[in-house]
Every structure is written in structure tokens, then in C-alpha cells.
Amino acid sequence: MPQVCTPVYKRGTVGKGVLTPLAAKATASSSPPEPTAATAFIAGPSGLACEQVPLARIADEIGTPAYVYSSAAVREQYRILSEAVGNLRHRLHYSVKANSSRAILELLRELGAGLDIVSGGELYRALKAGFKGADVVFSGVGKTEREMEEALAAGVLLFNVESEEELHVLDRVALRLGMRAPVALRVNPEVLVDTPHPYTRTGEKGMKFGIPFDEALAVAATAIALPNIDLLGLDMHVGSQISQFAPYEVGIKRLLHLRTEIERGGKAKLTHLDIGGGLAVTYNAETEVDVGKFGEVIREIVGGTGLNIIIEPGRFLVGNAGVLLTRVLYRKRSGGKQFIITDAGMTELLRPSHYNAFHRIEALVPNGRTTVADVVGPVCESGDFLALDRQVDDAAPGDILAVRSTGAYGFVMASNYNSRPKPPEVLVDGSRFAVVTERESYADLVRGERADLDWRES
Ligand SMILES: Cc1ncc(COP(=O)(O)O)c(C=O)c1O
């Protein structure tokens, strides 16, 4: 057995579903603390383990590539953030896009989370995982009428509306259904956001997201005037992998100022303020985000407002709770460089090629030697890599590598490019594990394709 902590699950957080009965047996006095995102994956005598399960065992039984998640790490991240925000009137609405696996959604539902969704597909997943519409806020810059209808029928808590046109369409759809649409305006607070990649910034001037700040008051007036819209809140989401609090501080203050302006005249009373997600996790050697400080900052600005605060964390809850297991297929040298060719690539983990993102890579059982190499996948693209020019374990064909911190924006961005079936997802809980998403088969790849074509005449 590897030397890892035995998880202690908080009573009351364990319900039916993915969590294990082991939880009920553990007591705070008899067991070491719950593994955190940082300690859920720890080396033991059988190599790297997730909680109490050696990852080599999972690779043997389930095969590679495969995603593996630690339920203890997700629970712990949720607890840390909830405690940081403290007694503020708030709810954490987990951002489904980060990892939409049903098992993860059920786990978070059992902890009390709501959800932030961006599509009808995510709404479908949310309902399947046992959430009610009232647990859900619906974000997204391009909602279709069909998605609006589905969300209205489900009774979502709020539509985070991103443009005046969207507001008019939503008003029409609500009329058609004989309903009223609860709305928060997603406003672009136009703040400076420092993130590792420009693609993860959303709250700067000129971005496609949100209503431009100087138009927000006029759009609010429209929302108030529309007969089937209830304007209930304001919303922002400034970006992702944010480790400074200034964008939140400045953005929230701008939104609170806007709230005062909107409420002046007494035609609207806002009840909700959604401050988005974006909290960073540690991928390499970055300084960890001071979540306690984040909580203090938020409480100080919104504490006395009487508003219901919505926070939409994605990456923070699941990013460091996952690894991608991949097998080394080949080694080769080319142009004076070493290559480690693995059975996972951009089709399983897009972040390195899309965001130039850094993920730590380590052998499950290191042999003590290292080399500088490009770790590349099997996909027919030069941009298919997991790491470039990186000092890594000098792994040989057959060795299994763990690509760390892949719990967020990993599996959800996987594709079938090169007709590669998507990998399975495995959830670990203490000393046991379960496949929560099956590996795709070749038949899955062609499921929607027709052999007999139903031609239509024009
Ligand atoms: C509207 C919205 N909310 C929340 C999130 C979650 O961000 P993160 O995973 O960085 O917490 C995103 C991610 O892009 C988003 O677009």
C-alpha cells in the first residue's frame, strides 16, 4: 500500500451516488486529515497513487490513456473555498465546463454546490446529475432559442444575459412559454486581467463577453421595460487562472456602482450578484492563491450589500484533482532532440497546444534518470505535444506517465480528431475506484453516421 493519507469525509456531505460508505466509518480523531488537491496524488511503494489506489493498478485494469480524479481532493477544494467565503450569503455554482462528468457533478451536488452552465447540453447533464433548475445559472454569449426554452422550462435561477439582443429574444421566448425570465446582466467590467494566456481573459474592454460597461445602464432600462423579463441581478466573469484579486475588487465595485444607478428610481430591486469564477490553481511552481485572502476581499466589498453572492469556480475545484495517465509508446531522436512518444496527445489534453499550458509530467515509477525531451502524442499534427523541451523522467516504452493537474479543461476538451476514441474517466474514493465514463469504442466514432442516405429534393 502506498503511504498516502486516509481520507476523512465530513459527516453530512456523503449521500448516495459516487461517494463511498467508507466515509461514514471514518472519524476525525482516528484518521489523518482529508487529502488535499496537493496531497491526493503522492508517491508510495507501488509508485504514484491517487488517495490509496496505486495509479499503476488503474492503468493495468483500465488501460491508457485514462483520466483519474480524486474525490477527496474535490471535496477538500470545495471546503476550502466555502470556508474562505465564510458566512457571506453565497452559493458556489460550479462551472460545469471545467469538468462535466456526471460523477463530478453528483459529488459537488452532495456538497451543496449549484451550477453555472453555458449550453443546453450542460443543462441536460445538470438535470441528469440530480440538480434542479433552481440550482443553475445559465451563462454564455450565444444562447439559442431552444436552449432558452429548455432553461425556462427547467426553472433556472438566472439567465446571465450578455447583450441587448439576447434580452429581446429571451423576452419573446418567455412570452411564447407564458413565463417570466429571471435575468442577471453579464456586464463586462473592463478591468485589466493578468492570466497566463490571452485566451483566458474575458473581462477586458473589447472582448466578446458581457455587455460593454458604458451600455449596461441602458440595457438594464430595457430589461426593466420588457414585459416578460425580471431583472434580478448583475454578473461578471473576468477570466480564468487568476491569481490576483484586483480584477475582482475593481470589477465588483464597478458592478455595485451600476446596481445603485439601476435601482435609482425604484423600478428594480436587484437580489443577486454573480462574481464569476477564475481562481487559479498551481500547475508548476506558482505561488498558491491565498483563498482566505480572496474570501476576505470579497466579504469586505459585498458583505454589507444584502445581495446573494454567486461564485462560479471551475478550475479551482477540480483542476488539481485529476491526472491523465498515458503510456510511453516509443522513444526517438531527431535533429539532436529526444522525443518521448505517448499514447495521449492533443486529442486527450488540448491545453498544451491550445494555451501553451504547462502540466507536470512524471513517471508513475521513476527510474531515477532524467532527460530533456519533447513529450508528444500520436496525432498527425506538429502542434500535438504534452510538453516541449522539458526535463522529464527518462521513461522507456511501456512506462506509464501521469500528466498532472488535468482535472479541469482536460477530458471536456478531448476530441475524436484522427478518429481517436475518447479516453475513460475514473473516480477514486479512498481505497477504491470506479470507471465513471467508459472508453469510447470504434463503433462510438461512427454512431451518428448513416449508411443509407435519406436524400431530400430541393
Ligand atoms: C462564465 C464563466 N464562469 C465561470 C467560469 C469558470 O472559470 P474557472 O474554471 O477559471 O473558475 C468560466 C470559464 O471560462 C466562465 O466562462
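Mentor: Happy to! Of the 458 residues in the protein, 50% are buried (20 or more other C-beta atoms, placed from the backbone, within 10 Å of the residue's own; 12 or fewer is exposed, in between partly exposed). The model is predicted: local features need pLDDT of at least 70 and side-chain atom pairs 80 or more, while totals for chains, interfaces and linings use all residues. Residue numbers start from 1 along each chain as its sequence is written.

The C-alpha trace spans about 70 × 70 × 45 Å along the principal axes. Contacts here mean C-beta atoms, placed from the backbone, within 7 Å. If you take the contacts between residues at least 6 apart in sequence, 72% of them join residues at least 24 apart.

The protein is also divided into two domains: domain 1 covers 22-70 + 319-440, and domain 2 covers 140-311 (bounds from an automatic or database assignment). Eight residues from domain 1 and seven residues from domain 2 take part in the contact between them. Their centres, taken over C-alpha atoms, are separated by 35 Å.

Now for the close look, which begins with helix H6. This helix runs over residues 145-154, and its buried residues are Glu147, Met148, Glu150, Ala151 and Leu152. What do the buried residues of H6 pack against? Their partners include two helices, H5 (120-128) and H7 (164-177). Three strands are packed against as well: E7 (136-138), E8 (158-161) and E9 (181-188).

You will find Leu317 in helix H11, which spans residues 315-318. Why does Leu317 count as buried? Because Leu317 has 32 C-beta neighbours inside 10 Å. Leaving aside residues up to four places away in sequence, Leu317 touches Val74, Gln77, Tyr78 and Tyr94.

Methods
Helices (H or I, at least four residues) and strands (E, at least two) are DSSP runs, numbered from the N terminus.
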